[in-house]
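Here is a quick walk through one protein chain, taken a piece at a time. Keep the viewer open and follow along.

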Amino acid sequence: MSSLQHVRWLRRAVLSLFAFVMLAATAGANAADSQNAPFRPETFFLGITRSTGEIHTLGFIRRPFTARLKGHMAGHWLILDERFAFPDGNRRQLWRLKRVGDAYEGTVRTETENGVLAPAVPVKGKVTETGVVLTYEGRSPGGSTRLHFRHEIETTGPGKASNHVVISRFGLPIASANVTFSKPRHGRPRR
């Protein structure tokens with residue numbers, strides 16, 4: 001091989017290596033971007049989602065729970081049927097959410113201590129850089145007292161999201177919950 005051929009071969013090898021490194025970096029960045037994409041209820045909650053969490057009250061009472069959520073779209077509305085399992089029984093919440101620009105609107109109905117769904121209460125939400133904040137005045141699952149709820153939800157990885165809930169009454173926080181959502185493989189929406 002002549003020195004000119006050797007230089008050409010070396011140049012092609014370096015350019016090929018550079019192209020491979022750039023392609024790998026772009027793929028890694030795209031994977032990281034999709035992993036850290038902002039949380040959007042209307043896409044994340046399609047199909048089956050599971051959650052685990054624990055409610056902490058000011059009296060240092062801890063109440064663990066799990067939930068199974070089933071979501072589908074009806075026009076522009078996300079319909080989300082949430083079934084909680086608490087140590088003392090099962091409860092249900094039924095959500096209707098729609099994105100309007102950089103906000104969300106909708107309703108939530110919560111099963112009371114009598115086992116019936118309370119009338120729907122309005123839900124307001126806003127899009128943040130990392131996810132969504134939803135607020136409403138309603139009941140906790142199985143409860144009868146009207147409380148203020150603030151949900152801060154964001155993506156934490158592929159098929160995973162976290163929800164920090166602050167529950168207050170008369171403007172004072174009385175409880176909080178940390179919830180982890182996860183998508184079973186078969187429940188992830190098809191693209």
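This is a predicted model: local features need pLDDT of at least 70, side-chain atom pairs count only at pLDDT 80 or more; totals for chains, interfaces and linings use all residues.

## Pairing, and what we're looking at

Two strands count as paired if DSSP finds at least two bridges between them.

## The chain as a whole

Count up the secondary structure and you get 2 helices and 10 strands. What pattern does the protein chain follow along the sequence? Reading along, it goes α-α-β-β-β-β-β-β-β-β-β-β.

Of the 191 residues in the protein chain, 32% are buried. The accessible surface comes to about 11800 Å², and carbon and sulfur atoms own 58% of that. As for contacts, take those between residues at least 6 apart in sequence: 37% of them link residues at least 24 apart.

## Strand β3 and its two partners

Start with strand β3, which covers residues 77-86. How many of its 10 residues are buried? The count is 7, so β3 is largely enclosed by the rest of the structure. The cut-off behind "buried" is under 20% relative accessible area.

On one side, strand β2 (residues 62-74) runs antiparallel to β3, with 9 bridges joining them. The hairpin of β2 and β3 has 2 residues between the strands, and Gly-75 there takes a positive phi near 70°. β3 also forms a hairpin with β4, again with 2 residues between them.

Arg-83 is a handy landmark here. It is the bridge partner, in β3, of Arg-68, and it stands opposite Arg-92 in β4. When you look at strands like these, remember that side chains in a regular strand alternate between the two faces of the sheet.

Now jump ahead to β9, which spans residues 160-169 and is joined by 9 bridges to strand β8 (residues 147-157), the two running antiparallel. To find your place in this pair, look for Glu-152, which stands opposite His-164 in β9. Which residue takes a positive phi in the hairpin of β8 and β9? That would be Gly-159, near 70°, in a hairpin with 2 residues between the strands.

β9 is also joined to strand β10 (residues 172-182), by 10 bridges and again antiparallel. Here Val-165 has Ala-177 in β10 as its bridge partner. The β9 and β10 hairpin has 2 residues between its strands too, and Phe-170 in the turn has a positive phi of about 55°.

Terms used:
Residues are numbered from 1 along each chain as its sequence is written. Side-chain values use heavy atoms; hydrogens and water are left out. Helices (H or I, at least four residues) and strands (E, at least two) are DSSP runs, numbered from the N terminus. Buried means under 20% relative accessible area, exposed over 50%, partly exposed in between (1.4 Å probe, protein chains only). Contact means heavy atoms within 4.5 Å. Accessible areas come from the Shrake-Rupley method with a 1.4 Å probe; for residues, only the protein chains shown count as cover.
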